[in-house]
Amino acid sequence: MLRKIFNFKEYNIKYYNIRVMLAAFLLSFIGLTIIKEVQKAEDRLYERQILGIAVGIAAALIISIIDYHFVCKFYIILYLANLVLLLLTKLIGHSYHDAMRWLVIPKIGQVQPSEFTKLMLIIFFARLFDKYRKNINKVYFLFLACVLMGIPLILILKQPDLSTTLALLAMFAGIVFLSGVSYKLILPVLAVAIPACIGLWWYIQQDFQKLLETYQQNRILALKNPELYPDLMWQQDNAAIAIRAGGLTGKFTGGSTEPLLCRILPAIESDFIYTAVAEAYGFIGSCLVIALMAFFVYRAFHVAFRARDYLGTLIAGGIGCMVGVQTIINICVNMSIFPNTGIPFPFLSSGLSSLLGSYMMIGVLMNVSLQIPEKSKEEDSL
């Protein structure tokens, strides 16, 4: 049994991909310095974040030596467990700011199941496409995959959590693309999907639309016509002021004694932490954060294209897509490019569920890396 769980014969410790762990830890450390500054003392977010980082790193290291093939044997159980958690969130979840996204577990506290949905669905669809690889170019199989993806997406969208829904959609699209689906199927889908998305964008802005909650629709309209929705744009407008206040080097490194302007913003320790980074560490610091995330995503795809097998490629690629898209959405919201929708910055934001889920993804990614065939190893300057 242990041989199935810890497949040490296939591991090459020389290529233990510790670089992704270091990148994540640096991001977490930067986040800690921000959280300590902006937190309310009674919330003890700084202390909780330290605990979360420690638990996350420990979890990543343990998971990194568990054979991903063994984990994927339970892909159906993981999928069903995910649905149960999302249904429980819908039925008995804890509501905060009109969003029901959390379960309260005795002696543990609040847990956000959608943060673990990300890894569960990556494993599920990677294994599904791997097991039925011969059928990936059949319409009925792709339709079934879309249905299986749609069920958890609807549950998450109803929480409501539009940003996580979009990130999961992007991850699914990435796995489908990496799976090798024929362009004869992809191109017709794109030919229909692109006009449909344009039509959907028009539809959700109309008074008669039924897809979005009123407040979600108003956030989209506010981005297009900010002067008509000053209350809804207050958070993003003040985020822009704080970002500009950071200048080139930021208040932390530039010798300024002024308090951070961004401290007045709701969710500054989580969804808007990138704004705090830009004010505290300036343009240079915010570029460093982007560079660390870009490095992480690059390493994920580096592992994907050199993986031992098709399954490893889909898992590593799915993780790269998930983390990359989530980062882009977070930054674009902070920069008022996207409507205001809450999504944490991976490894940087406060939040134990997000932190643990992200480090668990690192653990799986590192195990895929451990099993890259020797002949496929290509050392590079990174």
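Colleague: Why does Phe125 count as buried?

Modeller: This is a predicted model, so every value here is computed from it. Phe125 has 0% relative accessibility. Buried means under 20%, so Phe125 is buried.

Colleague: And what about Phe124, buried or exposed?

Modeller: The relative accessibility of Phe124 is 4%. With the cut-off for buried at under 20%, Phe124 counts as buried too.

Colleague: What makes the rings of Phe124 and Phe125 an edge-to-face pair?

Modeller: Two numbers settle that. Their centres are 5.0 Å apart, and rings pair if the centres lie within 6.5 Å. Their planes stand at 80°, and an angle over 60 degrees counts as edge-to-face, so the pair is given that name. The structure holds 14 aromatic pairs. Ring pairs also link Phe124 and Phe125 with Tyr75, Tyr79 and Phe172 in a cluster.

Colleague: How do you know that Arg127 lies over the face of Tyr75?

Modeller: Arg127 is placed 5.9 Å from the centre of the Tyr75 ring. The distance limit for a charge over a ring is 6 Å, and Arg127 does lie over the face of Tyr75. You can look for a second case at Tyr310, where the charged end of Arg133 sits over the ring, 3.8 Å from its centre.

Colleague: Which residues have the most contacts inside the largest nonpolar core?

Modeller: They are Phe125, Phe129, Ile315, Ile319, Tyr359 and Ile362, in a core of 94 residues. Helix α13, residues 273-304, gives the largest share of this core, with 15 residues. As background, nonpolar side chains tend to be buried together in soluble globular proteins.

Colleague: What is Tyr359 in contact with, leaving aside its neighbours within four places in sequence?

Modeller: Its partners include Met21, Phe25, Ile53, Ile57 and Phe347.

Colleague: Why is Phe347 called buried?

Modeller: Phe347 has 1% relative accessibility, and the limit is under 20%, so Phe347 counts as buried. Phe347 lies in the loop between α14 and α15. Its phi is positive, about 70°, although Phe347 is not a glycine. That is worth a look, because most residues other than glycine have a negative phi.

Colleague: Where is Ser336, and what makes it partly exposed?

Modeller: Ser336 is in the loop between α14 (310-334) and α15 (352-370). Its relative accessible area is 24%. Buried needs under 20% and exposed needs over 50%, so Ser336 falls in between and is partly exposed. Ser336 also has a positive phi, of about 60°, and is not a glycine.

Colleague: How do you know that Ala126 is buried?

Modeller: The relative accessible area of Ala126 is 0%, and buried means under 20%, so Ala126 is buried. Ala126 is found in helix α6, residues 113-131. Leaving aside neighbours within four places in sequence, Ala126 is in contact with Leu311, Leu314 and Ile315. Ala126 and Ile315 are 189 residues apart along the chain, yet their C-alpha atoms are separated by 5.7 Å.

Colleague: What makes β1 and β2 paired strands?

Modeller: Pairing needs at least two bridges, and 3 bridges join β1 to β2 (residues 99-105). These two strands run antiparallel. His94 stands opposite Trp102 in β2, and Ser95 has Met100 as its bridge partner there.

Colleague: How many bridges pair β2 with β3?

Modeller: β2 and β3 pair over 3 bridges, in the antiparallel sense. Val104 stands opposite Gln110 in β3. The hairpin of β2 and β3 has 3 residues between the strands, and Lys107 in that hairpin takes a positive phi near 70°.

Colleague: Why do β1 and β3 stand at the edges?

Modeller: The open sheet has 3 strands in the order β1-β2-β3, with antiparallel pairing. β1 (94-96) and β3 (109-111) each have a single partner strand, so one side of each is left without a neighbour in the sheet. The twist averages 45° from one strand to the next.

Colleague: Which peptide bond is cis, with omega near -5°?

Modeller: The bond from Gln159 to Pro160 is cis. Pro160 has its place in the loop between α7 (139-157) and α8 (162-178). For comparison, most peptide bonds are trans.

Technical notes:
Residues numbered from 1 in each chain as written. Heavy atoms only, no water. Core = buried A, V, L, I, M, F, W, Y, C linked by side-chain atoms within 4.5 Å. Buried < 20%, exposed > 50% of the residue type's maximum accessible area, 1.4 Å probe, protein only. Helix = DSSP H or I, 4+ residues; strand = E, 2+ residues; numbered from the N terminus. Contact = heavy atoms within 4.5 Å. Phe/Tyr/Trp six-rings, centres within 6.5 Å; stacked < 30°, edge-to-face > 60°. Lys NZ or Arg CZ within 6 Å of the ring centre and 35° of its normal. Axes fitted to C-alpha atoms, helices over the stretch in contact; angles between N-to-C directions.
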